[in-house]
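This briefing is a guide to reading a structure from its overall plan down to single residues. Please keep the sequence and the 3D view at hand while working through the points.

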Amino acid sequence: MSDWYAANIVLVQSTMTTLLLALSIQLPLRVGVFSFAGVGCYGIGGYAAAICMIRLEMTTWPSIAVGTLLAGAASFLLGLLIQRLNGLYLGMATIAFTLIIAILAVNGGSLTGGAAGLFGALGDLTTGSILAVTLVVVVVFALSETGGLGRRVDAVREDPELAAAMGVDVSRYRRMSFLVSGLVGGLSGALTILLRSSITPAEVNFQLVVLALTVIVVGGFRSWAGALIGSVIFVWLPKALDFVGEWETVVYGVIVVLAALYLPGGVLGLAADLYHRLRSGRRGGETDDEKGAGGADAGPGAVAGREFDQLAVPGEGR
Amino acid sequence: MTAVHATTKPEVPVLEVRDLAVHFGGVKAVDGLSFSLTAGKIFGVLGPNGSGKSTMLAAVTRLVRLTRGELLFGGEPYHHEPPRAMAGLGIARTFQTVRLLEDRTVRENVLLATDDHLIRGRAARRAVAERVDQAIERVGLTKVRRLRPTELSYGMQRRVEIARAIAMNPRLLLLDEPTAGMNRQEREDISALMRGLQAEGLTQLIIEHDVQMMVDTCDHLFAMTTGKLIAEGEPRAVVRHPAVQEAYLGSRHGRGHARA
């Protein structure tokens, strides 16, 4: 076990930082905001943490805190700036934001190390401490999916007008999603860079957007668990696909296409559907009866004399 | 004086609409509409497609920008409030099309109506849960409360929407074609439900095409064409009104009238 652990420690750590990045992209999607600003925030967090350590000679965790907060602030301001945009336009604006961060990094002179990037920012990070931080984030995200908050988030995404009619402040939820997405993206960037000890502008690019999106599409975009499933798949897949050699990226692409076509809710969505079906099926007679009454085949004959809650012949008698 | 006190006096209407106009470019969807709803009655709006009924409802719930006019709830102007303030005022509505969260159960959909983050404490939460279960009971969906909307018939889905609106504990309930797609028995049940809510003092405004149901259910009818009010008053009188007949009732009126 410990041999396995020693051999795969990089992948274990990478799974967690990928999960954080995926969560930062997933959160806006959950409130119906098509934003990829999380990747730009990854860059801000990474660079800020590296600069704190190398140039300001700060210790590991304060550097991570600076990177995280700075990214959160940048994302929140971006959210305010582009909150009137929607759909694809918003998506393009956030990708532009991400690319601007990369350009700033290239042209940052000695501060960012230009195209060569920054080296020697090796943080004092244990796998346990990364796990603890990741767990905190995951618990917060998991809580946001339960109870009333979870329902409100769903309503804001699926039908903002309905959400407003229910008294939900839709734009506040969207602003908050930018803030939290920025914080988590920044955290992911800071952790990644202090683990690797280096960062280059080439790492904050469109490919990272694609990776994060792939993780969510395949895993499932509605829940943190989907992001976790996706992160595990795509961090460990290259290792599992060793034998296909150069065909790796092709296999990768095929998986994404298949997931997009056949698993609209991702692996997690599939599991959740099966669970719901099992549960409502196992409740037995009661539920099955209703399904029968609710079905379109229940003829008019079935209507007479039945109770209100069993009447369900759609469209009849119009 | 607060709005709550104002509406308990019968002479202050729950809702008052003054010279309401909503224009989309050159299209005058609603143009100079004035009416008021007194507490505890069921009001109906009749009108052919495109007569501005739904636009009027959208204006009253602040979903569209007013070109002109004033809206007062319990005597207080509210036409500068955002749509999300309607729930707090006590205005609940259903929509013309089914708008439910597909991945949530019936009960969770109704719970959405009560998801006020200001609700604190176990007792308050239990009271809210009770209100939700009562609303589901009233529309007769208790046995299917754990199913998802996609597993229900269209008529049942519409009833989930009505339950959601009732669970908001509103002072004014706006129903946009609540019985569309329902069979006769279901329509009668909805009508009985509205009467039951009225007995508890709830003011209701309903938009419907079914003239017979409107005559049977409503205390007061408004008839609209091209964004204007052409008649209002006692339902049978409104239905018989020559302008109303000419505008859109046609032969349907004859049948509805004979039975009335």
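Chain B is divided into two parts: domain 1, which covers 1–90 + 174–260, and domain 2, which covers 98–169. The model is a predicted one.

**Where the domains of chain B meet**

- Domain 1 of chain B gives eight residues to the contact, and domain 2 of chain B gives eight residues as well.
- On the side of domain 1 of chain B that touches domain 2 of chain B, the largest share comes from helix H7 (residues 184–199) of chain B, with three residues.

- Strand S8 (residues 203–207) of chain B is largely enclosed by the rest of the structure, because five of its five residues are buried.
- In a regular strand, side chains alternate between the two faces of the sheet.
- In S8(B), Thr203(B), Leu205(B) and Ile207(B) point one way, while Gln204(B) and Ile206(B) point the other way, and all are buried.
- Strand S3 (residues 42–46) of chain B runs parallel to S8(B), and four bridges join the two.
- Within this pairing, Val45(B) has Ile207(B) as its bridge partner in S8(B).
- Strand S7 (residues 172–176) of chain B also runs parallel to S8(B) and is joined to it by five bridges.
- Here Asp176(B) has Ile207(B) as its bridge partner in S8(B).
- Helix H7(B), which also contributes to the domain contact, forms a right-handed β-α-β unit together with S7(B) and S8(B).

**Helix H2 of chain B**

- Helix H2 (residues 53–60) of chain B is mostly covered, with eight of its eight residues buried.
- Among the buried residues of H2(B) are Lys53(B), Ser54(B) and Thr55(B), as well as Met56(B), Leu57(B) and Val60(B).
- Two further buried residues of H2(B) are Ala58(B) and Ala59(B).

**Chain A in outline**

- Chain A contains 14 helices and two strands.
- Of the 318 residues in chain A, 44% are buried.
- Among the contacts in chain A with a separation of 6 or more, 75% are between residues 24 or more positions apart.

Note on methods: Residues are numbered from 1 along each chain as its sequence is written. Chains are lettered from A and ligands numbered from 1 in the order in which they are written. This is a predicted model: local features need pLDDT of at least 70, side-chain atom pairs count only at pLDDT 80 or more; totals for chains, interfaces and linings use all residues. A residue is buried if 20 or more other C-beta atoms lie within 10 Å of its own, exposed if 12 or fewer, and partly exposed in between; C-beta atoms are placed from the backbone. Two residues are in contact if their C-beta atoms, placed from the backbone, lie within 7 Å. Domain bounds come from an automatic or database domain assignment. Two strands pair if DSSP finds at least two bridges between them. A crossover is right-handed if, with the strands pointing away from the viewer, the path from the first strand over the helix to the second runs clockwise.
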